[in-house]
Amino acid sequence: MSLPNLSSLATSEDVSTKGGGSFAAQYINWAKTASYVRDHAGPWRPYAEPAKDGGIAHRSPDGSHYLLIGFRNLETGQETTLIPHAVMNARMQAIPGDQANSRDIADAFVRGMCKAAALLFGLGWELWSKDDPMAEPEKPQNMHNRYS
């Protein structure tokens with residue numbers, strides 16, 4: 001199965017910062033990520049694997065929830081590997097199962113879609129790897145001149 005390579009699409013102009021101090025985080029807005037997928041990934045669209053109860057939130061052994069996010073090819077029906085993504089609060093901590101609400105699950109879906117797009121298509125991977133998305137990439141050294 002051939003997957004789209006979207007690793008060159010995200011730019012420094014797409015990056016925003018949320019919070020400050022020790023909780024500052026760089027991110028690309030989920031709507032921008034969805035736009036890139038829609039415009040550059042052909043027929044691939046995100047989906048959440050249904051849980052046994054019919055919803056999309058799967059229960060973890062500790063009672064918290066996670067989603068299984070992947071992409072489905074609308075033309076062929078092929079599906080990618082599923083990527084787990086926890087239902088979390090603003091501090092990136094799992095929300096106990098009885099406290100998660102529909103907003104938490106909806107937020108987990110769009111965040112999980114971004115994570116899955118990075119893992120499966122390379123979209124915005126620099127943010128997930130903690131690389132500085134504003135820095136210019138290093139140019140590979142010429143092996144012939146490396147030790148001269």
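Reply: Let us begin with a hairpin: strand 4 and strand 5 form one, with five residues between them, and Gly-63 in the turn has a positive phi of about 95 degrees. Helices (H or I, at least four residues) and strands (E, at least two) are DSSP runs, numbered from the N terminus. Two strands pair if DSSP finds at least two bridges between them.

Me: What should I know about the model itself before going further?

Reply: This is a predicted model, in which local features need pLDDT of at least 70 and side-chain atom pairs count only at pLDDT 80 or more, while totals for chains, interfaces and linings use all residues. Residues are numbered from 1 along each chain as its sequence is written, and side-chain values use heavy atoms, with hydrogens and water left out.

Me: How many bridges join strand 4 to strand 5, and do the strands run parallel or antiparallel?

Reply: Strand 4 (residues 58-59) is joined to strand 5 by two bridges, and the two run antiparallel. His-58 has Tyr-66 in strand 5 as its bridge partner.

Me: Which residue of strand 5 stands opposite Pro-46?

Reply: Pro-46 stands opposite Phe-71. Strand 3 (residues 44-48) and strand 5 run antiparallel, joined by five bridges. Strand 5 also runs antiparallel to strand 6 (residues 83-86), with four bridges between them; there Leu-67 stands opposite His-85 in strand 6.

Me: Is strand 5 mostly covered or mostly uncovered?

Reply: Burial is judged by relative accessible area: buried means under 20%, exposed over 50%, and partly exposed in between (1.4 Å probe, protein chains only). Strand 5 (residues 65-73) is mostly covered, with seven of its nine residues buried. Asn-73 lies in strand 5 and is buried, because its relative accessible area is 7%.

Me: Which residues does Asn-73 touch?

Reply: Contact means heavy atoms within 4.5 Å. Leaving aside residues up to four places away in sequence, Asn-73 touches Pro-43, Trp-44 and Gln-78. Asn-73 and Leu-3 are 70 residues apart in sequence, yet 9.6 Å apart in space, C-alpha to C-alpha.

Me: How should I read the way helix 1 and helix 2 cross?

Reply: Axes are lines fitted to C-alpha atoms, for helices over the stretch in contact, and angles run from 0 to 180 degrees between N-to-C directions. The axes of helix 1 (residues 30-40) and helix 2 (residues 102-121) come within 9 Å and cross at roughly 50 degrees. Angles under 35 degrees count as roughly parallel, over 145 as roughly antiparallel, 65 to 115 as roughly perpendicular and the rest as oblique. Helix 1 and helix 2 are therefore oblique to each other.

Me: Which residues meet where helix 1 contacts helix 2?

Reply: From helix 1, Trp-30, Thr-33, Ala-34 and Val-37 meet Val-110, Met-113, Cys-114 and Ala-117 in helix 2.

Me: Where is Asp-104, and is it buried or exposed?

Reply: Asp-104 is in helix 2 and is buried, since its relative accessible area is 15%. Not counting residues up to four places away in sequence, Asp-104 touches Val-87, Ile-95 and Gln-99.

Me: What is the pattern of the whole chain?

Reply: The chain has three helices and six strands, following the pattern β-β-α-β-β-β-β-α-α along the sequence. Of its 148 residues, 34% are buried.
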